[in-house]
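I set out here what I looked up in the structure, entry by entry.

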Amino acid sequence: MSTDDQSAPYNAGVPNSSPGVRSESQPLPALAGRLGYLLKHAQLRLAELTSAAMAPFGITGRECAVLIAIDSQAPSSQQDVAFRLGVDRTTMVLLIDDLEGKGLVRRRRDQDDRRRNVVELTGAGRTTLRRASLAGQDAERRFLSALSDEEAAELREALGAIAFPGGAADAGGARAGAS
């Protein structure tokens, strides 16, 4: 069963709900407290805001996360970046191919290990990352605008604890800029 199939019961009874389409109506009372339903629709709303924020830069939120991961540690191999983001290697190759085609990253052979490709940002990649990160942060602020600053910080912390149990104490805050 695919992820979409598993989430189908959470869409049942919601007007205009189809995979990938977020309904603006209120959830049915029977669904209002269902964690899967709430997380899915919160993620869809954040994805809409992030997509719109990234569009002027010609990248997706996922590509922005790859740029952040590449920029955060130098030099990085494709495999290192894939591991840090929890993305399989084949998908990472495709993402790097796309970013390289856009002139945002370049691959080069590692001087110490010729079997390894190092991936680094180009000047255009650094500029795009800086601007797209600011736009992404603004999208997150709009997403969290119904919460106080304290509630938003608590949500980040709680999601970090759930997403990365036993991980870094600041998992939510450390990943705040990544979408």
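Predicted model: local features only at pLDDT ≥ 70, side-chain atom pairs only at ≥ 80, totals over all residues.

I take helices (H or I, at least four residues) and strands (E, at least two) as DSSP runs, numbered from the N terminus. Residues are numbered from 1 along each chain as its sequence is written, and side-chain values use heavy atoms, with hydrogens and water left out.

Entry on Ser76. I located Ser76 in strand β1 (residues 76–77). Ser76 counts as buried because its relative accessibility is 1%, where buried means under 20% relative accessible area, exposed over 50% and partly exposed in between (1.4 Å probe, protein chains only). Its side chain makes a polar contact with the side chain of Arg84 at 3.0 Å; such a contact is a pair of N or O atoms within 3.5 Å, and within protein one must be able to donate a hydrogen and the other to accept it, residues adjacent in sequence counting only if both atoms are side-chain atoms. Beyond four places in sequence, I found Ser76 in contact (heavy atoms within 4.5 Å) with residues including Ile70, Val81 and Val119.

Entry on α3. I list Gly61, Glu63, Cys64, Ala65, Val66, Leu67, Ala69 and Ile70 as the buried residues of α3. Beyond four places in sequence, the contacts of Ile70 include Ser76, Arg84, Ile96 and Leu121.

Entry on Ser133. Ser133 lies in helix α6 (residues 123–143) and is buried, because its relative accessible area is 16%. Leaving aside neighbours within four places in sequence, I found Ser133 in contact with Cys64, Ile68 and Thr128.
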